[in-house]
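Welcome, and thanks for taking a look at this one with us. Below is a short briefing, arranged by topic, to read alongside the sequence and the 3D view.

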Amino acid sequence: MPARDTFPHSACASAAPSLPDTQTDTQPNQTPPDAAPALPASPSPTARRARTAATADTGQPRELPTAAFAEAFATALLDWFAVHKRPLPWRFGYEPYSVWISEVMLQQTQMDRGVDYFLRWMTQFPDVASVAAASEDELLKAWEGLGYYSRVRNLHKAAKALVERHDGELPDDPEAIRALPGIGPYTAGAIAGIAFNRDVTCIDANVERVLSRVFDIDTPVRARPAAARIRALAAALLPAGRARDFNQALMELGALVCRKKPQCASCPLSGLCESLRLGIPHERPVPGRKQPIVPLDVATGVLVHGNRIFIQKRPDEGVWAGFWEFPGGRVERNEAPDATIVREYAEETAFRIAVRDKLAVIRHGYTTYRVALHCYLCELDGNMGGEPPVPPILDAATEYRWVEFADLPRFTFPAGHRKLIDQLTTDLRFAPYR
DNA sequence: AAGTCGTGGGT
DNA sequence: TACCCAAGACT
């Protein structure tokens, strides 16, 4: 736990507003800062003892940093950021649209991948209006491979709402931003704070990690008590007028220095960090309950007929909604994968098919599953293979196509199927069909 | 509030 | 290999 020395009458740091969340969180203190005493940026023992001040009324362990600590924290952090800030493409101009796209794109996504997708997206959809005018299929194709595709559907809805109601511009009011589809507490804070430089914080996994270490928060960071404390701490540490740099700096520090394996030797906050003082930064943040990963065998068949390949479009709900795919499904208990293909084709298309070569086993994961995707080459069986072939009776799809191999890149596939297509490009057994 | 929703990099 | 988990939101 942090030092319990409390200074009930010391200046309490300014508490910048944090976005309202579904969980109501009472800000312990909203009073403006008193005259902040000048304090050396270096962490003196005095500064360390002055780290926190308890809320005066209850005396509960809901502690906020003193103004002096907050200033030392912000100064060290912002100085570091000025030197180590990466030249990311949305860090030029901070146009709200660019910030919005980057923030949504980077949700649960690694920076390097996000940058590539961002640059392509901005070329294809340079403004809100172009997103609103695009078809969902176009947007989905641009998002293909990034995952969490409801993000792009919500982006579409939000863009259309902005064109209709806000003249195609993002509002600068955190509440109004938060009301848009796909924008939660984090993204609303990020847009308001980073694009508009409003005095608002944003809490992502980086911020959680940094603050849980600096203040040695010993309960699961995503659970309510710790989450509320982190929101309050971030708000108290935020220097007025510096939200753009402060928010980015906190996240940048988490991404570059205060990583899962912390690099405390090069951390500008090492002198202020309670978990480091205790020698346990690697024990923070305390993780929540983790979901078990379920292994799953799935089979899929690439059905060829002449030089055409059968694909179908998934329903509008559930995983990979609206994606194209090769039919297939879960391998049941005591079922061989090639038998799965025959069964699934019968159920999903009413095709009788014959399974030929096994093409690949592709391993990938989605959400809580770890999938082994067994891939087979298939043909229509017996007299089903007329010309043109008999139409399918779709049971798990909204559309179907018989397409040439060269046309597959125009359609949007789940990553596992996309990997299969990539492999087929060089698979000699598949040469007759491409 | 606990599950769902993807994917690939890091270790 | 196996596991963790990332600039989260929604239901």
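In DNA strand B, a sugar or linking oxygen is 2.6 Å from an N or O atom in the side chain of Q110. Please keep in mind that this is a predicted model.

**Around DNA strand B**

- The protein places 19 residues around DNA strand B, and the closest are Q108, Q110, Y148, Y149 and T367.
- Of the atoms of DNA strand B that come within 4 Å of the protein, 55% belong to sugar and phosphate.
- Bases take part as well: a polar backbone atom of L146 is 3.2 Å from a base nitrogen of DNA strand B.
- R289 reaches a phosphate instead, with a polar side-chain atom 3.5 Å from a phosphate oxygen of DNA strand B.
- Strand 7 (353-366) and helix 15 are the elements that give two or more residues to the surface near DNA strand B.
- Sorted by class, the residues of this surface near DNA strand B are eight nonpolar, eight polar and three charged.

**Around DNA strand C**

- DNA strand C has 25 residues around it, of which Q108, G182, T187, D204 and N206 come nearest.
- Sugar or phosphate makes up 63% of the atoms of DNA strand C within 4 Å of the protein, and bases make up the rest.
- Which part of Q108 lies 2.8 Å from a phosphate oxygen of DNA strand C? It is a polar backbone atom of Q108.
- N206 uses its side chain: an N or O atom there is 2.9 Å from a phosphate oxygen of DNA strand C.
- R91 turns to a base, with a polar side-chain atom 3.2 Å from a base nitrogen of DNA strand C.
- Two or more residues each come from helix 9 (185-195), helix 10 (205-214) and helix 12 (243-256) to the surface near DNA strand C.
- That surface near DNA strand C holds eleven nonpolar, six polar and eight charged residues.

**Aromatic rings**

- Across the whole structure, a search finds 19 aromatic pairs.
- One of them joins W324 and F411, whose ring centres are 5.1 Å apart; their planes stand at 70 degrees, so this pair is edge-to-face.
- This pair links distant parts of the chain, 87 residues apart: W324 belongs to strand 5 (residues 324-325), while F411 sits in the loop between strand 9 (399-403) and helix 15 (415-424).
- Are these two residues buried or exposed? W324 is buried, with a relative accessible area of 6%, and F411 is buried at 6% relative accessibility.
- F310, Y345, F351, Y400 and W402 come together in one aromatic cluster.

**Cysteines**

- How many disulfides are there? The count comes to zero.
- For C258, the closest cysteine sulfur is that of C267, and the two sulfurs are 6.0 Å apart, which is too far for a bond.
- C258 is buried, at 9% relative accessibility.
- C267 is buried too, with a relative accessible area of 15%.

Conventions
Residues are numbered from 1 along each chain as its sequence is written. Chains are lettered from A and ligands numbered from 1 in the order in which they are written. This is a predicted model: local features need pLDDT of at least 70, side-chain atom pairs count only at pLDDT 80 or more; totals for chains, interfaces and linings use all residues. Side-chain values use heavy atoms; hydrogens and water are left out. A residue is near a molecule or strand if one of its heavy atoms lies within 4 Å of it. A polar contact is a pair of N or O atoms within 3.5 Å; within protein, one must be able to donate a hydrogen and the other to accept it, and residues adjacent in sequence count only if both atoms are side-chain atoms. Helices (H or I, at least four residues) and strands (E, at least two) are DSSP runs, numbered from the N terminus. Ala, Val, Leu, Ile, Met, Phe, Trp, Tyr, Cys and Pro count as nonpolar, Asp, Glu, Lys and Arg as charged, and the others, Gly among them, as polar. Rings of Phe, Tyr and Trp (its six-membered ring) pair if their centres lie within 6.5 Å; planes under 30 degrees apart count as stacked, over 60 as edge-to-face and the rest as tilted. Buried means under 20% relative accessible area, exposed over 50%, partly exposed in between (1.4 Å probe, protein chains only). A disulfide is a pair of cysteine sulfur atoms within 2.5 Å.
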